[in-house]
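Subject: A structure for you to explore

Hi there,

Here is the structure I promised to pass on to you. Please open it beside this email, and then read on for what turned up in it.

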Amino acid sequence: MTVSILPAVTDEPPTELLLSPSTSHIEACQLVVNDHTAQLCLRIVQWLEGLASKALDLESKVRGSHVGTYLPNSGIWHHTQRFLKKGSSAANTVHHLDFDAPTREHAHQLPDDKKQDESLLEDVWTLLRAGRLEEACDLCRSAGQPWRSATLCPFGGLDLFPSVEALVKNGKNRTLQAIELESGIGRQWRLWKWASYCASERISEQNGGKYEIAVYAVQCSNLKRMLPICADWETACWGMAKSWLEIQVDLELARAQPGRMEQLKSYGDVIDGSPGGIGGTSQPSFGPESWPLPVLNQQPRDLSALLQKLHSGEMVHEAVTRECKEQQRQIEMNLMLGNIPHLLELIWSWISPLEDDQSISRPRDPQMIRFGAHIVLVLRYLLADEMKDLFREKLTTVGDRILHMYSMFLFSKHHEELVGIYASQLSHHHCVDLFVHMMELRLNGSVHVKYKIFLSAMEYLPFSQGDDLRGSFEEIIERLLSRSRETKVGKYDESSDVVEQHRLQSLQKALVVQWLCFTPPSTITDVKVVTAKLILRALIHSNTLFREFALISMWRVPAMPIGAHELLSLLAEPLKQLSETPDTFEDYVSENLKEFQDWSEYYSCDATYRNWLKIELENADVSPAELSVEEKQRAIVAAQETLNLSLSLLLRKENPWLISVEEHVNELMEPLFLELHATAMLRLPSGESMCPDATVCAALMSALYSSVTEEVVSERQLMVNVAISSRDSYSAEVILRCLAVEGDGIGSHIQNDGGLLGSVLAAGFKGKELRRCLSAALVCSCRLY
C-alpha cells in the first residue's frame with residue numbers, strides 16, 4: 001500500500017509505441033507522465049484495484065470459484081422468451097428480446113430474468129472494481145450479452161486506461177489512430193462517454209438495477225449515480241479517483257483540439273472554477289459536444305477535496321463516512337496527501353503509552369507500533385533525497401521515538417535478534433543509549449540471550465565509529481564499561497554486610513566483560529581484527545578491575561573475591577583461542593596479557609590465603625585445648641603454603657610480578673597530579689555502620705592529613721576532601737590529590753612503593769589517627785585517576 005501511494009517516477013511511454021499523428025490514448029498516457037495530480041490519481045486507482053483483485057484471487061483459492069463463473073448464455077432472458085412463445089402478453093413486459101426493448105417499449109423483462117441480469121451486472125461491477133475489464137467483457141459475451149461487452153470496451157476491445165502498462169498491452173495498434181484520423185482526436189471517446197452518461201441517467205430515471213446504473217456511471221465519471229452503490233471506503237475512493245483521472249484526461253484532450261476549449265466555454269464558465277459539489281445540476285440537453293461539462297461539477301477540486309467528500313459528501317454512503325475515522329483509513333489518506341509529518345504524529349499519538357502508564361513493554365496497540373516502525377523505515381528509504389526541512393525533522397525525531405518504542409517492544413518479547421534491524425536506524429545517541437540499556441537489563445540473563453543482543457549489534461552496526469550519524473559497537477561497549485564501574489546507590493543499615501555488598505557489586509562489574517568475550521559472526525568485515533580488538537579491550541578492562549578488586553578485597557574475610565574469579569573464568573576460552581593465533585600477539589596485547597597472567601597468579605595466592613583464613617576462623621571458634629593435633633597441623637600447612645606461594649610470586653627474578661615487559665620512562669614536560677577517588681564507610685568496633693555528618697567528615701579529613709607531616713603536605717601539594725555522599729547517606733566521598741613524583745608509579749617499577757596517596761590511604765585503613773577521634777575503622781573502594 002505504501003509503495004503504491006507514495007510519489008514515484010512514472011515511466012515514459014516506449015518511443016516505439018508512439019504514433020504520428022498521435023491518438024487520444026497516447027495523449028492520455030503522456031498526461032499521466034507529466035502531471036503530478038494525474039499520476040497520483042493513477043496510483044490510487046491501481047492500488048485499490050490491486051487490493052480488490054487480490055481479494056478475488058483469494059476467494060477463488062478458498063471457494064474454488066469467483067465472480068464471473070457462469071454457465072454459457074446465462075444472460076439470455078429465457079423466462080421472458082418462453083412467456084412470449086406462449087402468446088402471453090402483459091402491459092409492463094417487453095414484446096421483443098433485443099437489448100433496446102426495455103427502453104424503447106418502456107417495459108421490463110420478467111422478474112426472474114431481471115434478477116438474473118442484475119446478478120450478472122453485479123459481477124461485472126465487481127470485475128470492473130478490480131480493474132479486470134477484459135474479464136468483465138468475456139463474462140458478458142459468455143452470458144449471451146455481447147452488446148454489453150461492446151458498451152464497456154469500445155474501439156475494437158482496446159484497453160484505453162491512461163497507463164503505460166495499457167499502452168504496452170495494446171501494442172502498436174493503429175485501429176484507434178485510423179478512427180480518429182477520420183473523426184478527429186478524442187471525438188469517438190467523447191461520444192462513448194456521452195452515451196454511457198445518458199445510459200446511466202436513463203436507467204436511473206426508469207428505476208433500473210443499481211449495478212447497471214453504476215457500471216455505466218463509472219465509464220463516464222458520473223459520481224452522482226455511482227457513489228450510492230459504493231458502500232465501503234475503498235470502493236468510494238476508487239470511484240472518485242478514477243472519475244477525477246478520466247475528467248483530467250477529457251480536459252487535456254479538449255485542450256489538444258483547436259477551438260474545443262472555446263466551444264466548452266460557450267456552454268458556461270464552469271471549467272476554471274469547477275464548483276466541486278456532487279449535487280450539481282446536470283445538463284444532458286447540452287449534447288456530446290459539451291462533454292465533460294455534465295459531470296465536471298461533480299468532481300473534486302483537488303485531492304484534499306476528494307478526501308473531504310469521503311468524510312462528508314452528501315451522496316457518500318454513511319458506512320464510508322464511518323470508515324474515514326478508522327486508523328487504517330486515516331493513515332492511507334495522509335499518505336495520499338503526502339502529509340508525512342502529520343502521519344507520524346498521528347501514529348505516535350496512537351501508540352505512545354498513556355500518561356499514567358509509561359511501560360513500553362505494554363504499548364496501547366502492538367500491531368500499530370509494528371506498522372509505525374515499518375512505515376518509518378520505508379519512508380526513510382524511499383524519500384531520503386526528497387525530504388524538506390520540516391519533513392526531515394519529523395521523520396528523524398518522531399521516527400526515532402517510534403523505532404525506539406518498537407525496539408523495546410521486541411526486546412520485552414524476547415526477540416533480541418530483531419532489535420538491531422530497527423535500532424541501527426536510530427540517530428547516533430539514541431542507538432547507543434538503547435543498546436547500553438538493553439545490555440544492562442540483560443546483564444544477569446542467560447548466555448544465549450546475551451549472545452543474541454551481541455550478534456544483533458555486530459551484524460547491523462559498524463564496529464568502529466565512521467560518522468556522527470550512526471552508533472557503533474565500540475561506543476556502546478565503552479559506555480557500558482564506563483557505567484559499570486560507577487558506584488551503585490545502596491542503603492546500609494545496622495544489619496547490612498558492607499563486605500558482601502562490595503563482593504556482589506564486583507560480580508556485576510565483572511559480568512560486563514562477557515560482552516567482549518563472545519565470538520563475532522564470520523560474516524562481518526575484518527572479523528579477525530575485530531576479534532583481536534575485543535580480546536584486547538577485555539584484557540585492558542579486566543586488568544583495571546583486578547586492581548580495583550585487589551583494593552576492596554583486603555578485608556580479612558574468608559569469602560572469595562567473586563568478581564576477580566568471574567573475570568578469570570570469562571576470559572579463559574577467548575585467551576585459549578588467542579594463543580592458537582600467535583600472529584595477533586602485538587606488543588600492546590602481550591603487555592596486557594602479561595599483566596592479566598600476573599593478576600591470575602595473584603588471585604591464586606589470594607585463594608590460598610583465604611583458605612588458610614577460613615581454617616583459622618573455624619579453629620578460633622573452638623577452645624585451644626579442644627583442638628586436635630590434625631586441626632592444628634592443617635592450619636600450619638595452609639599458612640606455610642600461603643607464605644610460600646606469596647614469596648615465590650613476589651621474589652621471582654625472571655618474570656617479576658606486575659612489571660611491564662618494557663619499561664616506559666616518562667619525561668614530564670609539566671607537573672603531573674595524581675587523584676584518587678574513594679567511597680568510604682566508617683565501621684564501629686561493634687560492626688555497625690556509622691552515618692557520617694559534617695563533624696565526622698571533618699574528623700576524617702583531619703585524620704588523613706595527620707598521617708603525613710606538614711612538610712610533605714606542602715611539598716607534594718596534598719589535598720584531602722571528605723563529604724557526605726550524595727548517593728548514599730551511610731557513605732562519604734573521599735578525594736585525595738597530590739603532585740606526582742618517581743615512586744608513585746612513574747619511572748622504574750622497582751622503585752615504586754605506592755606513593756604518597758597509597759600511604760595516606762593505608763593510614764586510613766589502619767585507623768590509628770581515626771580511632772583517636774571517632775573510635776571507628778575505615779573501609780572503602782577506590783578509583784585512581
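A residue counts as buried when its relative accessible area is under 20%, as exposed when that area is over 50%, and as partly exposed in between. Please keep in mind that this is a predicted model.

In total, the model has 21 aromatic pairs. In one of them, the ring centres of tyrosine 451 and phenylalanine 518 are 5.3 Å apart and the ring planes meet at 55 degrees, so the pair is classed as tilted.

Tyrosine 602 is partly exposed at 23% relative accessible area, whereas tyrosine 603 is buried at 0%.

Which residues do ring pairs link into a cluster? They are Tyr451, Phe454, Phe463, Phe473, Trp515 and Phe518, so you will meet both partners of the tilted pair again there.

Next, have a look at arginine 148, in helix 8 (residues 146–152). Is this residue buried or exposed? Its relative accessibility is 2%, so arginine 148 counts as buried. The side chain of arginine 148 makes a polar contact with the side chain of glutamate 212, at 3.3 Å. Leaving aside residues up to four places away in sequence, arginine 148 touches Asp117, Leu121, Cys140, Glu212 and Tyr216.

Finally, turn to the surface. Leu643, Leu647, Leu650 and Leu651 make a nonpolar patch of about 420 Å² there. One of these, leucine 650, is found in helix 33 (residues 629–651). With a relative accessible area of 56%, leucine 650 is exposed.

Enjoy exploring, and write back whenever you like!

Best wishes

Notes. Residues are numbered from 1 along each chain as its sequence is written. This is a predicted model: local features need pLDDT of at least 70, side-chain atom pairs count only at pLDDT 80 or more; totals for chains, interfaces and linings use all residues. Side-chain values use heavy atoms; hydrogens and water are left out. Helices (H or I, at least four residues) and strands (E, at least two) are DSSP runs, numbered from the N terminus. Buried means under 20% relative accessible area, exposed over 50%, partly exposed in between (1.4 Å probe, protein chains only). A polar contact is a pair of N or O atoms within 3.5 Å; within protein, one must be able to donate a hydrogen and the other to accept it, and residues adjacent in sequence count only if both atoms are side-chain atoms. Contact means heavy atoms within 4.5 Å. Patches are made of residues with over 30% relative accessible area and no salt bridge: like charges are joined within 9 Å, nonpolar side chains (Val, Leu, Ile, Met, Phe, Trp, Tyr) within 5 Å. Accessible areas come from the Shrake-Rupley method with a 1.4 Å probe; for residues, only the protein chains shown count as cover. A salt bridge is a side-chain nitrogen of Lys or Arg within 4 Å of a carboxyl oxygen of Asp or Glu. Rings of Phe, Tyr and Trp (its six-membered ring) pair if their centres lie within 6.5 Å; planes under 30 degrees apart count as stacked, over 60 as edge-to-face and the rest as tilted.
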